Amino acid sequence: EGGLAYTAFYATFVAPYFDSHNTFAAMGGRTADRAEIDRLVDAFFDLNHDRCVQWSEWRRWCVFALREHGDEISDVDELTRVVLRNTILPSFLSQGRVHDKP
């Protein structure tokens, strides 16, 4: 079917939003706990838990984003941002898993 190994998926889609050099971290001087992000990526995107995000697993969220937030999406990068803003980010914030930088 095709997909990305978890490490490649994380580096390509998730790291730009949650690693310490990104906009999310800069917004509040906060960093994300990597273990919690890994758990959320697994829960939302790696549905069969094989450490590989298959196209069908990612496609599900892309279709959701296009249907529900199509007016916010002008390119594939914005599609990725909309998917993350509406999946991992709300769950992450609601669980209080953001901590101040040391």
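The exercises below, each with a worked solution, concern a predicted model of one chain.

**Exercise 1.** Work out how many helices and strands the chain has, and in which pattern they follow along the sequence.

*Solution.* Begin by counting the elements, which gives 6 helices and 4 strands. Then read along the sequence, where these elements follow the pattern β-α-α-β-α-β-α-α-α-β.

**Exercise 2.** Determine how helix α1 and helix α5 pack, and which residues meet where they touch.

*Solution.* First locate the two helices, α1 at residues 6-18 and α5 at residues 76-85, whose axes lie 11 Å apart at an angle of about 65 degrees. Because angles of 65 to 115 degrees count as roughly perpendicular, α1 is described as roughly perpendicular to α5. Next consider the handedness of the crossing of α1 and α5, which is right-handed. Finally list the residues in contact: F13, V14 and Y17 of α1 meet D77, T80, R81 and L84 of α5, and these residues divide into 4 nonpolar, 1 polar and 2 charged.

**Exercise 3.** Describe the largest nonpolar core, and find which residues V14 touches beyond four places away in sequence.

*Solution.* Start with the core itself, which holds 24 residues, of which F9, V14, V41, F45, W58 and I88 touch the most other members. Then ask where the core residues come from: α1, α3 (34-44), α4 (55-69), α5 and α6 (88-94) each supply at least two, and the largest share, 7 residues, comes from α1. Last, follow V14, which, leaving aside residues up to four places away in sequence, touches F9, I37, V41 and L84.

Definitions and conventions
Residues numbered from 1 in each chain as written. Predicted model: local features only at pLDDT ≥ 70, side-chain atom pairs only at ≥ 80, totals over all residues. Heavy atoms only, no water. Axes fitted to C-alpha atoms, helices over the stretch in contact; angles between N-to-C directions. Parallel < 35°, antiparallel > 145°, perpendicular 65-115°, else oblique. Left-handed = near helix turned anticlockwise from the far one by under 90°. Contact = heavy atoms within 4.5 Å. Nonpolar A, V, L, I, M, F, W, Y, C, P; charged D, E, K, R; others polar. Core = buried A, V, L, I, M, F, W, Y, C linked by side-chain atoms within 4.5 Å. Buried < 20%, exposed > 50% of the residue type's maximum accessible area, 1.4 Å probe, protein only.
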